[in-house]
Structures are given as C-alpha cells and as structure tokens.
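Colleague: I'm new to reading protein models. Could you walk me through a few features, starting with salt bridges?

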Amino acid sequence: MSVGFARSKAAGHVYHESTVPPSPVALVLGAQVKPDGTPSAFLTARLDLAKRLYDAGRVDQILLSGDHLAPEYDEPAAMRDYLIRAGVPANRLIVDQGGFDTYESCVRAKHIFHLTGLTVVTQSYHLVRAVATCRALGVDAVGVGDDSVRRYPISWWRGTIRDQIACVKTLVDLATRRLPVSPPVESAE
C-alpha cells in the first residue's frame with residue numbers, strides 16, 4: 001500500500017474524538033506490553049482513547065486485537081485487564097488474540113467477528129494505514145488517532161518511519177489476500 005493509496009482510501013474517514021460518528025465497536029490495535037504485563041505508554045494512550053469513546057456513548061463495545069504468540073506475552077489480556085480496572089464492563093470487551101499485525105486485525109474483525117463497521121483506535125501516524133486497510137477489506141471503518149504520546153519524540157518518529165515501511169507489507173497483504181492465523185476467540189468475561 002503506497003502512502004498515497006492509504007491517504008486516498010482513508011480520506012474523509014479520520015476524525016477527532018469529539019466528532020467521530022457513533023459506531024458499534026472500537027477496534028483497538030495492539031502495541032507493546034511491558035515485561036510485567038502492563039501496557040506501554042502508546043498502548044495505554046490507545047486504551048484511554050477507546051474508554052473515552054465508550055464513556056461518551058460513541059461505541060458500544062471494544063474489540064482488543066493484539067499479539068499472543070507466546071504464553072508470556074499477551075497484548076489482548078493486558079488491554080482487557082487495563083480497561084476492566086478503568087471501569088469498562090467485561091461484557092463490553094471482545095478479545096482477539098490473533099491480531100498479529102494491522103492487516104490481520106482488520107481481516108479478523110470482518111471474517112471472525114463479522115463486523116461491517118467500526119472505529120479504529122491507534123496513534124495518528126498509524127491511523128491512515130489502519131483505516132485504509134479495513135476499508136480495502138470491505139469494512140466501513142472510521143478512525144480516531146492519539147497524539148498524546150508525541151511527548152516521546154524518539155519513539156513517535158520510530159513508529160512513524162516503521163509505519164511508512166509497513167505500507168509496503170500491507171499492499172502485498174491486500175494483493176494476496178493473505179489469510180490470518182486463527183487462534184481461538186475468547187470472551188473478556
């Protein structure tokens with residue numbers, strides 16, 4: 001996916017949190033979890049944004065999609081635990097342990113969780129590619145991006161550069177329609 005393609009596919013579908021239209025589900029894309037099992041600053045910012053959307057009635061449920069390749073590393077569980085501690089009811093959370101990358105999270109949202117529309121929640125530098133990927137797969141996606149972690153400029157720019165490179169992988173994934181790995185689906189309850 002070239003950056004230009006991503007921008008054109010996401011154009012008109014990226015919002016500020018105060019203006020994003022209501023959606024049944026917020027898709028929170030996973031990010032680094034610390035060795036103690038707590039979300040990194042970037043993941044915490046995504047979760048806080050999703051909680052604000054939930055509290056404002058802009059989403060009814062939150063799909064937590066992340067990496068769980070090894071028993072000792074579980075992004076979705078860390079996300080679920082964080083949001084439950086923050087006051088989101090467990091029955092409003094959907095856990096996806098197969099979101100190994102943005103493409104897989106979007107494919108699984110459509111084909112495993114049968115979502116036709118959602119609000120993507122991630123950092124702003126990642127948002128355009130994530131929304132474009134969902135839309136290219138036939139999901140009516142809008143998105144809201146977090147900018148609060150710009151206070152970590154080295155990590156922010158590293159993520160920005162990494163995301164630009166990831167556009168190439170996403171283009172290949174979309175062209176080949178790579179099928180995701182399908183671990184079991186679990187409820188947050």
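Modeller: A salt bridge is a side-chain nitrogen of Lys or Arg within 4 Å of a carboxyl oxygen of Asp or Glu. Here R52 makes one with E17, and their closest N and O atoms are 2.8 Å apart. The pair ties together distant parts of the chain, 35 residues apart: R52 sits in helix 2 (residues 41-55), while E17 lies in the loop between strand 1 (14-15) and strand 2 (23-29). Helices (H or I, at least four residues) and strands (E, at least two) are DSSP runs, numbered from the N terminus.

Colleague: What should I know about the model before reading on?

Modeller: This is a predicted model, so local features need pLDDT of at least 70 and side-chain atom pairs count only at pLDDT 80 or more, while totals for chains, interfaces and linings use all residues. Residues are numbered from 1 along each chain as its sequence is written, and side-chain values use heavy atoms, with hydrogens and water left out.

Colleague: How many salt bridges does the structure hold?

Modeller: Five. Among them is K51 with D55, at 2.5 Å from N to O. These two are four residues apart in helix 2, so about one helical turn separates them. K51 is buried, with a relative accessible area of 17%. R135 and D140 form another, at 2.9 Å from N to O, and D140 is partly exposed at 48%.

Colleague: And how many disulfides are there?

Modeller: A disulfide is a covalent bond between the sulfur atoms of two cysteines. The test is a pair of cysteine sulfur atoms within 2.5 Å, and by that rule the count is zero. As for individual cysteines, C106 is buried at 0% relative accessibility, and C134 is buried at 0% as well.

Colleague: What does the whole chain look like?

Modeller: The protein chain has six helices and seven strands. Along the sequence they follow the pattern α-β-β-α-β-α-β-α-β-α-β-α-β. Of its 189 residues, 51% count as buried.

Colleague: What share of the contacts joins residues 24 or more positions apart?

Modeller: Contact means heavy atoms within 4.5 Å. Among contacts in the protein chain with a separation of 6 or more, 73% join residues 24 or more positions apart.

Conventions: Buried means under 20% relative accessible area, exposed over 50%, partly exposed in between (1.4 Å probe, protein chains only).
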